[in-house]
Amino acid sequence: LFRSLAKERGVPVTSYIFPARIGNSGYLTWDQIREMRAAGFGIECHSNNHEKLTDLSEAGIRTNLQAVDGAFTAAGLPHPEHISYPFGAYDSTVIDAVSDYRTTGRAVSNGIEVIKWWDQNTSWYELKAPAFNIPTEGDTSEVKARIDDAIAKQYVSMIFTHGVSEDPGPNDCDINHFEEVLDYIAAKRDAGEIEVVTIDGLYRAMQGVRSLPATGPMTLHGE
């Protein structure tokens, strides 16, 4: 559902997936994932089966990430380069292991990740993103305020939700609110106020190795 809504508006989104559940009821298929990636969506890593990485040994983390990479290879896709930590949980052991397989790690936080230039003091394995899990009776004012603040102060803003539904659970966003946020983002983009990119697009643009303009159609993988 979210794929068609985002694609209609030309808004690239990043999906962090756990391969062990691909094809199960209620989850994406590999055909859908390949279609998404071909359309410019980011397809990245969320562990193999939503394991809490801080509960694993370093060897266990490495085995987990290798399983993810193997699943991507078997599906005919390049290895993911970025990870969203399940439950937002990470520590120094997780970062040590993850850094051998991924170029960024994203956690969950209500704070603001102020990224403005490549060589600033940013930990790319401790990126922060607030959730916009908005119930049907909620509103989008807080999300819009975050976007406006990022525009005014010229920094990177990351937001996420776990799911989009007409009957949202506690970690989901109501479909109408999701569409409203997408429309707001698209309007700001069309006005030239923001660039909307995947996590890989952000990372490579900040490195200065952008291979396509970030405002191009759905944009960029950067491989």
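Buried residues have under 20% relative accessible area, exposed residues over 50%, and partly exposed residues lie in between (1.4 Å probe, protein chains only). The model is predicted, so local features need pLDDT of at least 70 and side-chain atom pairs count only at pLDDT 80 or more, while totals for chains, interfaces and linings use all residues. Residues are numbered from 1 along each chain as its sequence is written, and side-chain values use heavy atoms, with hydrogens and water left out.

**Exercise 1.** Determine which residues of helix α7 are buried and what covers them.

*Solution.* 
Step 1. Helices (H or I, at least four residues) and strands (E, at least two) are DSSP runs, numbered from the N terminus. Helix α7 spans residues 199-207.
Step 2. The buried residues of α7 are Ile199, Asp200, Gly201, Leu202, Tyr203, Arg204 and Met206.
Step 3. The cover over these buried residues includes the strands β1 (14-17), β2 (42-45), β3 (82-84) and β4 (104-106).
Step 4. Because 7 of its 9 residues are buried, α7 is largely enclosed by the rest of the structure.

**Exercise 2.** Locate the partners of the salt bridge between Arg62 and Asp100.

*Solution.* 
Step 1. The closest N and O atoms of Arg62 and Asp100 are 2.8 Å apart.
Step 2. Arg62 belongs to helix α3 (residues 58-74), whereas Asp100 sits in the loop between α4 (92-98) and β4; the pair links distant parts of the chain, 38 residues apart.
Step 3. Arg62 is partly exposed at 21% relative accessible area, and Asp100 is exposed at 51%.

**Exercise 3.** Explain why the salt bridge between Lys188 and Asp148 ties together separate parts of the sequence.

*Solution.* 
Step 1. The side chains of Lys188 and Asp148 meet at 3.8 Å, N to O.
Step 2. Lys188 lies in helix α6 (residues 175-190) and Asp148 in helix α5 (residues 141-153), so the pair joins parts that are 40 residues apart in sequence.
Step 3. Lys188 is buried, with 17% relative accessible area, while Asp148 is partly exposed, at 31% relative accessibility.

Conventions. Contact = heavy atoms within 4.5 Å. Salt bridge = Lys/Arg side-chain N within 4 Å of Asp/Glu carboxyl O.
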